[in-house]
Amino acid sequence: MLHTPLTEIILMSQQTLLQELNSRIDYYSTRTDYPLRRILIGYRAYAKLMLCSAFSNEVINSAIDPNKRKYKKLKIKVTKDDDQLDLE
């Protein structure tokens, strides 16, 4: 068959979302003087990122309490917006 299996498409989506998040963190941490405090992630984007093992392992191992979890030492705030991905 010539089509890509759905699992591969989902995996690619997760990886690109994680790459976008990592590139934003790198950009703002190196090119601005404003210290980052937290990541604002929409609930759907968060669910997609949690399927990616690199993201989920770091987040789950950062704290037992889900409300205090972090990624790259930045607090995570899950929002009601679907696919929000912002830094504060």
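Which residue stands opposite Lys-70 in E3? In this predicted model, the residue opposite Lys-70 is Lys-75. The legends below start from the whole chain and then turn to the sheet and the helices.

**Figure 1. Overview of the protein chain, with 3 helices and 4 strands.** The elements follow one another from the N terminus as α-β-α-α-β-β-β. Of the 88 residues in the chain, 31% are buried. Contacts between residues at least 6 apart in sequence join residues at least 24 apart in 73% of cases. The chain exposes about 6,400 Å², and carbon and sulfur atoms supply 54% of this area.

**Figure 2. The open sheet of 4 strands, in the order E2-E3-E1-E4.** Pairing in the sheet is mixed. Strand E2 (70-71) and strand E4 (85-87) are the edge strands; each has a single partner strand, so one side of each lacks a neighbour in the sheet. Strand E1 (residues 38-42) pairs with E4 in the antiparallel sense, over 3 bridges.

**Figure 3. Close-up of strand E3 and its two pairings.** With E1, strand E3 pairs in the parallel sense over 5 bridges. Leu-40 stands opposite Lys-77 of E3. With E2, strand E3 pairs in the antiparallel sense over 2 bridges, and here Lys-70 faces Lys-75. The hairpin of E2 and E3 has 2 residues between the strands. In this hairpin Lys-72 takes a positive phi near 55°.

**Figure 4. Helix H2 (residues 43-50) packed on the sheet.** The helix touches E1 and strand E3 (74-79). The direction of H2 makes about 100° with that of E1. Buried residues in H2 include Ala-45, Tyr-46 and Leu-49. These residues lie on the same side of H2, because the arc they cover around the axis is only 100°.

**Figure 5. Packing of H2 against helix H3 (residues 53-62).** The axes of the two helices are 7 Å apart and form an angle of about 100°. H2 is therefore roughly perpendicular to H3, as angles of 65 to 115 degrees count as such. From H2, the contact is made by Tyr-46, Leu-49 and Met-50. H3 contributes Phe-55, Ser-56, Val-59 and Ile-60 to this contact. Tyr-46 and Leu-49, which take part in the contact with H3, are also buried.

Key: Residues numbered from 1 in each chain as written. Predicted model: local features only at pLDDT ≥ 70, side-chain atom pairs only at ≥ 80, totals over all residues. Heavy atoms only, no water. Buried < 20%, exposed > 50% of the residue type's maximum accessible area, 1.4 Å probe, protein only. Contact = heavy atoms within 4.5 Å. Areas by Shrake-Rupley, 256 points an atom, 1.4 Å probe, with all protein chains shown as cover. Pairing = 2+ DSSP bridges. Axes fitted to C-alpha atoms, helices over the stretch in contact; angles between N-to-C directions. Arc of directions from axis to C-beta. Parallel < 35°, antiparallel > 145°, perpendicular 65-115°, else oblique.
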